Amino acid sequence: MTIEEFRLQCEKALEACRKESLEVDSLDTLNAFKGRHLGKKSALTGFYQGMRDLSPEEKKTFGQILSDLKTAMTEIYEERLKAIDEQILLAKMAKRKVDITLPGFHSERGTLHPYFKTVREIVDFFVGLGFTVADGPEVETDENNFERVNIPKDHPARDMQDSFSIADGWILRSHTSAVQSRVMKAMEGKEPVKILCPGKVYRRDNDATHSHQFGQIEGLVIAREATFANLLELLTKLLRHLFGEKRAVRFRPSFFPFTEPSIEADISCFECNGKGCSFCKHTGWIEILGAGMVHPNVLRINGYDESLCQGFAFGLGIDRIAMLKYGIDDIKKLYLDDVDFLAQFRKE
Ligand code: DAH
């Protein structure tokens with residue numbers, strides 16, 4: 001074969017390769033194409049095998065032409081490979097298409113529950129005045145809940161707090177006053193005592209403003225110089241802090257077994273400003289809390305010398321204050337986890 005004939009054959013083979021390459025449209029057809037033009041049974045390999053019988057001189061010239069052919073065919077193959085890879089990638093991307101015009105996911109910001117907002121506000125107020133927070137169990141002894149706060153067995157005051165009995169001598173505490181005796185016992189007659197105790201209490205109650213479970217905050221101060229005037233000033237400051245500086249505050253005599261004298265505190269109605277409306281039952285006043293000077297019996301029962309020190313205590317209902325502050329008409333709303341209701345309290 002002359003060199004010209006060989007060159008022509010090579011050109012034909014390259015032409016066929018180029019033409020067929022146009023039909024390659026997948027990895028499968030590409031592999032078959034590679035086998036046909038660069039594989040063992042290809043014209044190219046045939047040409048290489050034919051070279052064996054040539055003289056060294058011919059090998060050189062024929063070899064050059066052959067090597068150019070191989071390079072050209074390999075380039076065609078690689079070009080197609082790149083194109084197919086790109087096609088595959090584009091197809092994958094088309095499948096996983098992201099619509100950037102869709103609205104994104106929005107996660108709602110939560111908020112502190114109105115009940116705990118109220119707790120925090122009151123606790124912060126007292127902590128600022130040097131009070132510390134004390135804790136007690138919700139399952140309490142009859143002794144701590146009643147006897148040690150001067151409510152002996154058969155005392156009629158027990159009827160006002162119809163409690164849940166757990167076992168003989170054990171109840172669900174009916175008021176946070178039970179923590180008073182725990183704190184006094186722990187202090188072993190030492191003063192000053194200046195504590196605040198927020199927590200859950202339980203009573204057999206059920207209407208729009210009462211529930212079987214509610215929150216109270218108990219306050220207890222014992223010191224040689226803790227006076228009734230201190231108590232009145234403290235409560236006036238607290239109520240104005242909670243309900244506004246313009247609120248009038250009044251104290252009425254009352255009765256609690258654990259205090260003597262006992263009082264209840266009212267604020268002027270914030271709906272009618274004291275004129276009288278349905279909200280305040282036409283009295284102009286809204287009842288807020290109970291308080292008084294710690295009864296000498298309570299001091300004595302709990303290890304204090306009533307001739308050396310005195311003290312005052314107060315108790316307020318968290319739910320009631322939250323309801324008044326935020327205009328909530330049913331106590332159950334505080335427990336129902338109704339997201340629409342709670343969303344109203346999102347950060348002002
Ligand atoms: N324990 C009372 C109640 O549950 C509230 C109370 C009134 C607590 C007067 C006090 C107090 O400490 O001095 O109704």
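Among contacts in the protein chain between residues at least 6 apart in sequence, 67% join residues at least 24 apart. Contact means heavy atoms within 4.5 Å. This is a predicted model: local features need pLDDT of at least 70, side-chain atom pairs count only at pLDDT 80 or more, and totals for chains, interfaces and linings use all residues. Residues are numbered from 1 along each chain as its sequence is written, and side-chain values use heavy atoms, with hydrogens and water left out.

**Overall form.** The protein chain has eleven helices and ten strands. Its radius of gyration is 45 Å, well over the 20 Å that the globule rule gives for 348 residues, so the chain is more spread out than a compact globule. That radius is taken over C-alpha atoms, and the globule rule is 2.2 Å times the number of residues to the power 0.38. Along the principal axes, the C-alpha atoms fill a box of roughly 135 × 50 × 40 Å. Buried residues make up 41% of the 348 residues. Buried means under 20% relative accessible area, exposed over 50%, and partly exposed in between (1.4 Å probe, protein chains only). Helices (H or I, at least four residues) and strands (E, at least two) are DSSP runs, numbered from the N terminus.

**Packing of α1.** Helix α1 (residues 3-21) packs with two helices, α4 (residues 56-95) and α2 (residues 27-38). Axes are lines fitted to C-alpha atoms, for helices over the stretch in contact, and angles run from 0 to 180 degrees between N-to-C directions.

| Pair | Angle | Axis distance |
|---|---|---|
| α1 and α4 | about 5° | 10 Å |
| α1 and α2 | roughly 180° | within 11 Å |

Angles under 35 degrees count as roughly parallel, over 145 as roughly antiparallel, 65 to 115 as roughly perpendicular and the rest as oblique. α1 and α4 are therefore roughly parallel. On the α1 side, the contact with α4 includes I3, F6, C10, L14 and C17. Ala, Val, Leu, Ile, Met, Phe, Trp, Tyr, Cys and Pro count as nonpolar, Asp, Glu, Lys and Arg as charged, and the others, Gly among them, as polar.

α1 and α2 are therefore roughly antiparallel. Here A16, C17, E20 and S21 in α1 meet F33, R36 and H37 in α2. This contact divides into three nonpolar, two polar and two charged residues.

**The sheet.** An open sheet of seven strands runs in the order β1-β5-β6-β10-β9-β8-β7, with mixed pairing. Two strands pair if DSSP finds at least two bridges between them. β1 (132-133) and β7 (249-256) stand at the edges with a single partner strand each, so one side of each has no neighbour in the sheet. Strands β9 (residues 285-294) and β10 (residues 310-317) run antiparallel, joined by five bridges. G292 has A313 in β10 as its bridge partner.

**Helices against the sheet.** α8 lies across β7, β8 (259-268), β9 and β10, running at about 150° to β9. T236 lies in α8 (residues 228-243). T236 is buried, with a relative accessible area of 18%. Beyond its neighbours within four places in sequence, T236 contacts V249 and F251.

Helix α10 (residues 318-326) has buried residues I318, D319, I321, A322, M323 and L324. Their cover includes α5 (114-127), β6 (213-223), α8, β9 and β10. After α10 comes G327, with a positive phi near 65°.
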